[in-house]
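Hi,

Here is the structure I promised to pass on. Have a look at it first, and then read my notes below.

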Amino acid sequence: MRPEIKEYNFDWMLGSLLKTAANIGNCSEKEIKTLLNYVPYYKGTLEVLLREGEVGTCFIRLLDKYFDNILNAHQNRKKIVGITFCLSPTLFHAMDIVPVTLEVMTGLCGLLWKRGAYDYLDHGVELGFTETSCSSQRGSLGAYLAGLGEEIDFLVCDTPGVCDTNANAFAFASEFMEKPFFQLNYPYIIGDEKTKKYQLDDYKDLIVFLEEQTGTKLDQDRLREVLQEVDVQDDLLAEIEDFYCLIPSPIPILFNLFMYMGRFLFSGMPEYTELLTLMLEKVQDNAKNGLSGLHQTQEKARIFMCYIDHYTLDMKFFDWINQQGIAHLGAILSRNFRDNTRYAPDFQKSTYGIDTSSLETMLTSMSEMNATLPMVRSIRGPFDQPNMWLEESISLARMYQADCVIYNGTPGCRNTWGMVKPFAKEVEKAGFPVHIMYGDAFDDRVESWESSVNRLQEFFSIRGIL
Amino acid sequence: MTMVAGCDVGSLTTKAVILKNNQLVATSLIRSKAKPQESARIAMDEVYGKAEVSEREIQYCVGTGYGREKLAFVNEAKSEISCHGKGAKWLMPSVKTIIDIGGQDCKVIKIDASGQAVKFVTNDKCASGTGRFLEVMAKVLGIDINELGSQTAKSKSPITMASTCTVWAQADVISFIHAGVPLEDIGAGINLAMAKRIATLANTVKPEKDICMTGGVAKNAGVLSLLEDLLGCRFKKIRKSDPQLAGAIGAALFAREQITEK
């Protein structure tokens, strides 16, 4: 790693940048215009975010708070847990533990820094990870393994049997950083009573582990409060997602990113409820006026992202699809499979509910919620179980009347990249043209954005979509 | 009378053609320069000279290839896949599947009766399935790239070599040379590695007859015959013009459509 990169902590750099951005949100238009000249390196990203008005500034404030929590955790006598995006942070919020979600932080590096997470990704390789290991995890994990972040106190992951690459990286990090580590395990069969009981028992063991690490008992009332907040958030999410069915879609392109990033970082926190409320108001307003969520352009096509978005500098991916008049119908990541969603009836035994009547029901709700998260269930593989990634993607693409399905991911994703071609064939058979982006969502060095956009243009033109 | 032009700026070569009343009157094929604009300018000047026409006489010009967006003189830029589909159909009217191996990528395109591309697949890995791969290997062997194709027919025992990375394949070839393996066996091994990668790619879209090859590698008889063996069918050989010009011809045909539609 270059010596100058070691001068500052990676989380502090991201946090400082977002702190400035959060302040920009309070300025007048003229002040913003002037201030943007002083932040040439992330001006593009900020402009795209600020274009979303109040929702955009609220999202920036949320990210600022996230980093504030991390950077001040130890000062506030809180513990920091390193987790993966496939693990709901709800329980940690209920126990006053500050979660660091590795994949989201790598994505933020890509969106905010010209050099992305390259130095940290490469540090991961220097330590022995392969270049084709999961880049979403390797980026920020590389920084923490280099000691360039607020010290992580312990690690929790839920990827054994789900993504062994991810789980092995956590196991290695635990050894390397000499930190305690807990793994939730997931059986092959999902949704049956035996599995549910196994998951619940496993979840109870996790609570024992967390109590040991923090020296604090789980507070039932606090847990109820957090879960009730999640319940409200789930309702808001379901309501917003319903609007994807409208043509034109009244949902702005970035809203999907806000939904899933918010859920991975802030599930159960009131600030996320505030963001979702603002989003719903904007969407309802657009729908009432028959407006598309796109900025200054008409909706010409509709895409469903069957995995993740592209987190390249200046939010070029999101900006480009907006310029083309393409409505983003969401990614599979934002789908929480709550039992009150429009798509839930198609996926019996794959959804969860929230019951806060007793500790047992709350733990059951949380273990089931966790078991429906991306990768734990949905993106485990297209042929792993019925009613998972493949069926969900087809069902959602159909429900939202998508013109095509786009795959973007990382070559390190064994679950999706490893099976994306057979998956694409099946989705094509169902009548949806599929484009596989060969780039890495977290590392532009795999395929430059310029090459990716050329191939996207080719796809839209040849398949007669645009 | 219609007079249109097509210009295909590829990573290795730049091609330009002029169509007069749907007849190919002049073609040009040059080595690409660092800047696409410069390559296109040279190729266009050459083709104007050959056709004895001036730029002003060209009613419409379409650009394609990786540098298509950078060309100031074209009226329109079209995707490579569309142009290759269109061009191949004009060169071989019965074609349904086109295997185009260019300098830095390879594509398998299925077209409908009108020449419109309906399905396509491109290489998702490095240069080992492309023209650049053959060029690098020919250089290591110390032979002209045009001689590489004939090595397959001469070889009795082709070598097996790394086929996922051009640099590693180059290291393999050097090792084989040092070990005294006959040049034709190394050359045939190179063609086989290339053909196997393309065949795998082609099979993903279930190629339908008639199949033809375009791009520079279409002139490599070794790769072509091995691909025929691997896919289990004979290809239709393009004889109407140089198969490497298919993209530029397709671009000119799009230009012609613009004129006739007006």
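Predicted model: local features only at pLDDT ≥ 70, side-chain atom pairs only at ≥ 80, totals over all residues.

I'll start with chain B, where four strands make up an open sheet with mixed pairing, in the order β8-β7-β6-β9. The edges are taken by β8 and β9 (211-214) of chain B, each of which has a single partner strand, so one side of each is left without a neighbour in the sheet. On average, neighbouring strands here are turned by 20° against each other, ignoring direction.

If you want a spot to check on screen, B:Thr97 has B:Lys110 in β7(B) as its bridge partner. Then there is α2(B), which packs on this sheet and touches β6, β7, β8 and β9 of chain B. The direction of α2(B) makes about 60° with that of β7(B).

Chain B has another open sheet, this one of five strands in the order β3-β2-β1-β4-β5, again with mixed pairing. Here β3 (23-31) and β5 (76-77) of chain B are the edge strands, pairing on one side only. β3(B) runs antiparallel to β2 (residues 13-20) of chain B, and eight bridges join the two. Within β3(B), B:Ile30 is the residue opposite B:Thr14.

Two helices lie across this five-stranded sheet's β1, β2, β3 and β4 in chain B. One is α1 (residues 36-51) of chain B, running at about 140° to β3(B). The other is α2(B), at about 115° to β4(B).

Now for the interface. Nine residues of chain A are in contact with twelve residues of chain B. The two chains bury about 1,000 Å² between them, and 49% of that is on carbon and sulfur atoms. How many salt bridges are there between chain B and chain A? The count is zero, although four residue pairs are in polar contact across the interface, both residues at pLDDT 80 or more. On the chain B side, α2 (80-91) and β8 (117-122) each supply at least two of the residues that touch chain A. β8(B) gives the largest share, with four residues. By class, this side of chain B has four nonpolar, six polar and two charged residues.

Over all chains, the salt-bridge count comes to 44. One to look at is A:Arg342 with A:Asp242, where the closest N and O atoms are 3.1 Å apart. That pair links distant parts of the chain, 100 residues apart: A:Arg342 is in the loop between β6 (326-331) and α15 (359-371) of chain A, and A:Asp242 is in helix α11 (residues 220-242) of chain A.

Last, some backbone geometry to check. Most residues other than glycine have a negative phi, and most peptide bonds are trans. A:Ile247 to A:Pro248 is a cis peptide bond, with omega near -5°, and A:Pro248 is in the loop between α11 and α12 (255-266) of chain A. The bond from B:Lys209 to B:Asp210 is also cis, with omega near 0°; B:Asp210 is in the loop between α7 (183-203) and β9 of chain B. Finally, A:Arg77 is not a glycine, yet has a positive phi of about 55°. You'll find A:Arg77 in the loop between α4 (53-71) and β1 (80-83) of chain A.

Cheers

Definitions and conventions: Residues numbered from 1 in each chain as written. Chains lettered and ligands numbered in written order. Heavy atoms only, no water. Contact = heavy atoms within 4.5 Å. Buried area = accessible area lost by both parts, 1.4 Å probe. Salt bridge = Lys/Arg side-chain N within 4 Å of Asp/Glu carboxyl O. Polar contact = N/O pair within 3.5 Å; in protein donor to acceptor, adjacent residues only side chain to side chain. Nonpolar A, V, L, I, M, F, W, Y, C, P; charged D, E, K, R; others polar. Pairing = 2+ DSSP bridges. Axes fitted to C-alpha atoms, helices over the stretch in contact; angles between N-to-C directions.
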